[in-house]
Amino acid sequence: MLFLSRFAFSFFLFLVLIQVQAQNAAQANYDESKVPPYTLPDVLKTTKSKKVQTKTEWETIRRPEIIKLFEENVYGQMPKSYDRLTYSIKNKNADAMAGKATLKEVTIEVVKNNNPVKINLVLFVPNRQKGPVPVFLLINNRGKDNTDPTRAKKSDFWPAEMVIDSGYAIAAFHVSDLAPDDTATYVNGVLQLYPEQLTANDGMKAIGAWAWGACRVLDYFEKDTTIDAKKVAVVGHSRGGKASLWAAAEDQRFAMCMTNCSGNTGAALARRQFGERINRINTVFPHWFATNYKKFNHKENVLPVDQHMLIAAIAPRPLYATNASKDLWADPTGTYLALKNAEKVYGLYGLTSNLNANPPAINQPIINSILGYHNREGEHNLTAYDWSNFIKFANVHLKK
Ligand code: GCU
């Protein structure tokens, strides 16, 4: 009886949550004419109101300031120290994909204060390439079957054959190795290594832990002689795309970043309040961002940063962002405008992007630009079309 009523109560709560989510999503603004007037924080003005004019001022004053602001207010700290990182090759097949690639399934173990975290990496390296090769690393937030090492199952979410045929290595790890994507269990992973993060208001949570994982995989790449660790592109879709941006901003060893349909607290400007909003993301996914971020629920304009500053923190490295035409939740226009507003930081490095004032038409990718972008026809997803443009973009910026 007690069990039944508990069950009924949990079910009731579940229904309420679903309804709240549906209401929030329904209340979201999708009307461009209702975007409120807003002023973005000036990416080139320090907190002491000093105008940043040179690359050196950017690198020594403003960039560190921006990273700190994101750590304190949005993603939480990114602890960098650990006691040791070891790895073992669980499975190797030099004749994978009909001889085109070598498969390595690597277990990377990171230990701090006797607490271990294990990252299971799937890696395919093209066989025809001589010397270390550039690699695409996917932060996988979907099912593990999307990155099937046996290739019995193939998925456009991680089209390994296409990437191998283009002369790049491709790798992936699953977010659950670092922090399960769950309000209660996200603490079981990286956060066991850094327990102080759990209680701090600026402590990292799941998205921070996933980005941390990408950085540890990069540590591993530096030890793998088949990989060119100076040419690692970090890729993520949606929540994974928020993590790929944060990883690239925090860790300047990443040579390139791909952020696919990453939307709110990813590549889209928060101040536009279009589609998903901070209040909603913090309510439905309270385990993603630092506790401090909740202070900005319904208060986008008080936030000392906006997402163009995260993109700017990746400069001068090439960045490619995408959207999908039916995915207004992730605010395609707001994403494009974030890139546009990061341009001037790339300008300090003498890099001019070819971004017009307005977003390009659907399926018109911008490739020959340090800031690349497309808005694909269709739904919220990571597809072969997206990857084909990542490869074109990498051909321009990584291969040279
Ligand atoms: C939800 C969430 C988004 C997120 C997306 C995803 O829609 O609101 O912020 O990007 O899930 O990860 O697919």
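Guide: Helices here are DSSP runs of H or I at least four residues long, and strands are runs of E at least two long, numbered from the N terminus. Helix 3 spans residues 96-99 and contains Ala-98. This is a predicted model, in which local features need pLDDT of at least 70 and side-chain atom pairs need 80 or more, while totals for chains, interfaces and linings use all residues. Residues are numbered from 1 along each chain as its sequence is written, and side-chain values use heavy atoms, without hydrogens or water.

Visitor: What makes phi of Ala-98 worth a mention?

Guide: The angle is near 55°, a positive value in a residue other than glycine.

Visitor: How do you know which residues surround the ligand?

Guide: A residue counts as near if one of its heavy atoms lies within 4 Å of the molecule. Those around the ligand include Ser-238, Lys-242, Glu-276, Phe-285 and Trp-288. Helix 8 (239-250) and helix 9 (278-284) are the elements giving two or more residues to this shell.

Visitor: How much of the ligand does the protein bury?

Guide: Alone, the ligand exposes 320 Å², and the protein buries 84% of that, with areas from the Shrake-Rupley method using a 1.4 Å probe, where for residues only the protein chains shown count as cover.

Visitor: Why is the pair of Tyr-75 and Trp-246 called stacked?

Guide: Rings of Phe, Tyr and Trp (its six-membered ring) pair if their centres lie within 6.5 Å, and planes under 30 degrees apart count as stacked, over 60 as edge-to-face and the rest as tilted. Here the centres are 4.5 Å apart with 20° between the planes, so the pair is stacked. Tyr-75 belongs to helix 2 (residues 55-75) and Trp-246 to helix 8, so the pair ties together parts 171 residues apart in sequence. The structure holds 18 aromatic pairs.

Visitor: Where does Pro-316 lie?

Guide: Pro-316 is in the loop between helix 10 (307-312) and strand 8 (319-324). A cis peptide bond, with omega about 5°, joins Ala-315 to Pro-316.
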